[in-house]
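Reader: I would like a close look at one part of this model. Please keep it brisk, and give the cut-offs as you go.

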Amino acid sequence: TSLSALALASCNKIETSSTADSLVAAKINAGIQTKVQGATWDPTDAIGITTTGNAKKDGSEYVNIKYTNDGTGIFRGSDIFYQNPGDVTFTAYYPYLGQENSKPGTDGVISSKTSAANQSGNAQKLIDYMWAQTTAKVSSPDVNFTGGNAFTHKMSMLTLTFKKGDDVLLADLSKYTLGGLTLD
């Protein structure tokens with residue numbers, strides 16, 4: 001009888017070293033407001049997710065866990081398990097860089113310098129930095145980077161449109177200069 005009571009008690013734990021069956025994994029859903037190329041995720045787009053308030057037995061958090069879009073806006077990757085019943089903060093960024101369990105960029109700082117080569121085609125994806133943050137908990141394990149918590153740009157896109165006006169011939173416009181832009 002005492003053995004069965006012990007077995008039932010261990011099934012209610014959030015973290016256990018003996019089985020993954022009693023662990024609750026986060027399910028990642030992500031939306032975007034705009035993207036350099038459209039307003040939807042591409043099937044192979046990947047994001048990195050780090051948790052706060054979700055320390056594992058060794059005291060570490062989940063860091064830069066890679067999740068890839070399955071084509072429907074649901075992202076799949078290495079499981080992030082809830083380690084406590086309270087709120088867990090999930091912070092995510094796009095595009096994914098680095099390796100799981102290591103901070104992306106240089107000690108967690110992602111930097112990029114734009115250039116003419118990055119301004120068109122698939123290269124734009126490499127500088128389309130977006131970020132999102134939300135909370136979830138084991139009793140409601142879906143992590144929704146949607147609505148007010150959807151991915152938003154942390155960069156700017158500048159589009160110039162030249163229109164013909166009085167006394168202006170667009171054919172005469174062969175060159176223009178912009179100043180004061182920060183490209184890092």
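Does Asp87 count as buried or exposed, and at what relative accessibility?

Author: Asp87 counts as exposed, at 51% relative accessibility. Exposed means over 50% relative accessible area, buried under 20%, and partly exposed in between (1.4 Å probe, protein chains only). This is a predicted model, in which local features need pLDDT of at least 70 and side-chain atom pairs count only at pLDDT 80 or more, while totals for chains, interfaces and linings use all residues. Residues are numbered from 1 along each chain as its sequence is written, and side-chain values use heavy atoms, with hydrogens and water left out.

Now the partner. Asp87 forms a salt bridge with Lys137, at 3.9 Å from N to O. This pair links distant parts of the chain, 50 residues apart. Lys137 sits in the loop between β6 (130-136) and β7 (142-145), and Asp87 in the loop between β4 (74-77) and β5 (88-94). Strands here are DSSP runs (E, at least two residues), numbered from the N terminus. Lys137 counts as partly exposed, at 35% relative accessibility.

A salt bridge needs a side-chain nitrogen of Lys or Arg within 4 Å of a carboxyl oxygen of Asp or Glu. By this rule the count is three salt bridges. Another one joins Arg76 and Asp70, at 3.2 Å from N to O. Arg76 is exposed, at 51% relative accessible area. Asp70 is partly exposed, at 33%. Lys103 and Asp107 also pair, with their closest N and O atoms 3.6 Å apart. Both Lys103 and Asp107 are exposed.

Definitions and conventions:
Helix = DSSP H or I, 4+ residues; strand = E, 2+ residues; numbered from the N terminus.
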